[in-house]
Each structure stands twice: as C-alpha cells, then as structure tokens.
Amino acid sequence: MDIMLNGWLLYQTVACRMWARSAFYQASGAYGFRDQLQDGMSMTFRRPDMTRAHILRAASRQFVEGDVQHWWLPHTGQGVRTHISDDRVWLAYATATYIETPGDVSILDEKIAFIEGPLLAADQHDAYFHPTESDESATLFEHCARGSDQCLELTGENGLPLMGTGDWNDGMNRVGEGGQGESVWLGWLLIRTINLFSPMAQIRDEDERVQNWVTHASKVREAIEEKAWDGEWYRRANFDDGSWLGSKDNDECRIDSIVQSWAVLSEAGEPERAAKAMASVEQYLIQPESKLALLFTPPFDKTSHDPGYIKGYPPGLRENGGQYSHAAMWAILAYTKLGDGNKASDLFNLLNPINHALNAEDTERYKVEPYVVAADVYSVAPHTGRGGWTWYTGSAGWMYRAGMEGILGIHREGKELTIQPCIPSDWPGFEASVKIDKTEYFISVKQVGDQTQLLKKKNTLERADRSGVRAVVDGMDIQITKNIVRVPLDGGAHRLNIHLSNKIKSVVKIQSD
C-alpha cells in the first residue's frame, strides 16, 4: 500500500492518463470528457493546478445545448458527439470536488467559449466532426449548470435519467438507444452532483435553479427506491421496452457493482438497503480465492435483450463480467463510507497489483506489470486472474483516492487538513508525513481499546462507533466534531497524534438464500 500510494498510482495517472493519453492498448492521444475529469480529481491534493487547468479545458468542449464531445483530439479539436448520458454530469461533480479541496471558488468565474456543431438525430449514435467555436461564452459555473439542466430534461417515464447510448458503461450502448431506457446508476450520480454543486449556485443567487435541482433530486431518489430496489440490491437500468437489467429475474447481469456502490457514495440510498446492497456485492461479486472483484455477474452471452457491444466480448472478459477495476475502487470507497475498514482494506489488498505477483505461479497467471493498475482482470477459465489493459485506466486515480481519502482518511478542505481514518481492526495504526504548500504534518494514528470486538464475518456489515477519537497537536488536545480531526494549514510544522477507540455500534446481518 505504501508503494502504490506514495508513487505508482499518481505516476500512472499523471504520466499515462493526463500527459500521454496513450498506452499499449490505446494510442489516440485523445482526451475523454469524463475520463480525465475523474483522473484530475485524484490530483487535487497534490497538484490542484493540474486539476484546475483540465476542468477549464474540458468545459471548452461543451456544446451550447449542454452536451459535450465524448472524446476529442487536442491538436485539431475534432471529436465525437454522442447520446452518452453521464459526461455532462461529471463537469459539475469534478468542479465541486476541486473547489472543496483548495477552496478555489474563483474558478467558477472563469469565462469559456462553447462549441457548436450539427445536432444528432434521435436514431444517430454518434458523429465525428470538427466543431466551431461559438460566439457564446459563459462562466464555468454556467457550463456546469447547463450540463445539469440538460440531464434534468432527459428524464424517463419512471422518473430516472435517460441512459442514452451508454452511461458510465459505454458497452451498454443499446440499452437505451431508443430514447426510453433509464439508468439507475446515473440517478445516484446526479443526486450526489446536485448536493455538491447546489451550494455554489446558492451563493450566486441562482435560487430558481437550485430549487429545480433539489426538487428533481428528491424525485429521482424516490423513483429509485420505489422502482429499482430488487430485494437484496438495486437494479442497474431498464431497457427501452421497460424490462429491467441487473435484477434477480435476469439470467445474465443479475447484479451490477456500480449501482450498489453509488447507493452509498451518493449518500442518498436508504441506509439499510444500501448496507444490504453492499453485502450482496461481497457475496456475489468479490472472489477472494481468485483475487477478483467482478463488475457484474453472470456475463452476457445468450440473452435475447441486446445490451450493446459489451456482449461482443467473450463472457468474463473486460466489461462483460470480468473485473473492471474502476468499479471495484468505488466499492472500496463505499465500504469506508459505511465505516467498514476491514472490508475496505481487504478489497484494497485484493486489487493491489503487487499482490498478484508475489510468486512465480501468480506472476505467470497475472502476466502483466505488477506495479500499475490493470483496467480489467479476466474471470473465466483458462484465463482466470489474467490482467488485461494496464496503464491506460482511470482506476489508478480512484485507487489513490480510495486509499488516501477512504482508508487513511486524509483530505484537504480549503485551509484545513482533515483526517477521518477507516482502517482495519488488525492495524495497530499508521504514520504519514503530509506537506501542503508550506505546512507540514507528521501524523501518527494508533488504535486503542479492545480490537477483538470488531468482527470480520461474511454477510455482516459493521458500523464502528468512532466517538472515542482523541487528537493531540504539538502536545495540545484539540476539539473534534463529527469524528473528523481538523487542523489548520498555517505554514508551520506540526506533530499530530490521533488515538482511535473503536467499538461496535451496530452489526447488520444480511440474510441470503
């Protein structure tokens, strides 16, 4: 974990994703709209200047209507316009995440021109062309808001966001190609984005917009809980004909990982259901023996409903029911949100590429570099455990955030450093040296108390009571609010000692078939 967090993960993100945008498996040099926005979020702690620059770069690839180029070539500006639905939401999400870290609200006032080009026909999947720069410019705030506004307009009969020709999963490009299919996962992302971005609209006196967003988010949440809960987990989406995907009634893709993780990450899922959904992820999708965390199961093979080009991959490869590491990183963060450091740490260790090459046999099975994250790992014999695309994956940035912000709990909020560890019960603690601008903190976290009380049983979900947190800065006790240690970034050098006393607050036992 030290090796990955202190070097390789951010190296992979910066060198391959932000700079080269190229690797052995993809060599275009293009920017992906949603891709580098997510990569940039992992840089807010160490290089916020890079994050800022890319947010503005991405905003310049937005059409006046609110949608964006799904990917574009920076030297020419040529790119592809699509009906893919989640791109427009990520701009506001990434911007809000960036502002929270360095506290740079001024980015919202940066003026950026829109682009213009032919609208897509309803039955047209995409179009590759060179757009023109529009005479219309707007602040970054308006760019973000326009994307969110358009997502609200594209709402289906069930009250969920339309899926278009793919949401996060481009391979599901025929689930909603007719303009009727809806995405449950995108509903969670939209809710979270509105919660993060609305305060920035409020300070700009955009009261009507805020009211529309907040009201809509509430309706989406109600629609998900009423129509997408499947008994043990949330359904993934519905097809144009209204039939569900990611349901226990499906022969293929019965349960999908990302919609469960985002029930937690959105902070909008009904708590007991969200806990049960994550227990289902552990039960059906995480395979410790094979060191795999599957995207969904079973893979697509013979289903009569055609989800898209994802079905063109052999079952168990890449997005088609293999491990898609990007999604697995979200599961780590979801477990930390639930306060379950044991499951979060176990999953981080399972995904850590170093642990896939600890001996000759494992190395021969994995077959790819053990020091960078692989986008996918195969789950079908005779290739079970073999790594797929390496280097070129957004999983590296999310793994960094899962380790730093989730498990270690180290985060920056403006002029404060915050620490809220979610570490496993068998760690005595950890030490970290953090330098931000001219401020340095040497952090020592120790767990005290009866650690044997913390359980690690399958099909249980623990909620740890961290009311026993104590923090001492340079020998002086400091006050703690909501179990978060907050210390100032004041240009000095400090020693911070944190003592965690964990006790079981509640244990949710999940019944299964």
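Me: What should I know about the source before reading?

Reply: This is a predicted model, in which local features need pLDDT of at least 70, side-chain atom pairs count only at pLDDT 80 or more, and totals for chains, interfaces and linings use all residues. Residues are numbered from 1 along each chain as its sequence is written, and side-chain values use heavy atoms, with hydrogens and water left out.

Me: How many helices and strands does the chain have?

Reply: Helices (H or I, at least four residues) and strands (E, at least two) are DSSP runs, numbered from the N terminus. The chain has 13 helices and 25 strands.

Me: What is the radius of gyration of the chain?

Reply: That value is taken over C-alpha atoms, and the globule rule is 2.2 Å times the number of residues to the power 0.38. For 513 residues a compact globule would be near 24 Å, and the 22 Å of the chain agrees with this. Along the principal axes, the C-alpha atoms fill a box of roughly 65 × 50 × 45 Å.

Me: At what angle do helix α2 and helix α4 cross?

Reply: Axes are lines fitted to C-alpha atoms, for helices over the stretch in contact, and angles run from 0 to 180 degrees between N-to-C directions. Angles under 35 degrees count as roughly parallel, over 145 as roughly antiparallel, 65 to 115 as roughly perpendicular and the rest as oblique. The axes of α2 (residues 33–41) and α4 (residues 87–100) cross at roughly 15 degrees and come within 9 Å. That makes α2 roughly parallel to α4.

Me: Which residues of α2 and α4 meet?

Reply: Contact means heavy atoms within 4.5 Å. Phe33, Arg34, Leu37, Gln38 and Met41 in α2 meet Asp87, Trp90, Leu91, Tyr93, Ala94 and Thr97 in α4.

Me: Is α5 parallel or oblique to α7?

Reply: The axes of α5 (residues 140–153) and α7 (residues 207–227) come within 11 Å and cross at roughly 40 degrees. That makes α5 oblique to α7. On the α7 side, the residues in contact with α5 include Arg209, Trp213 and His216.
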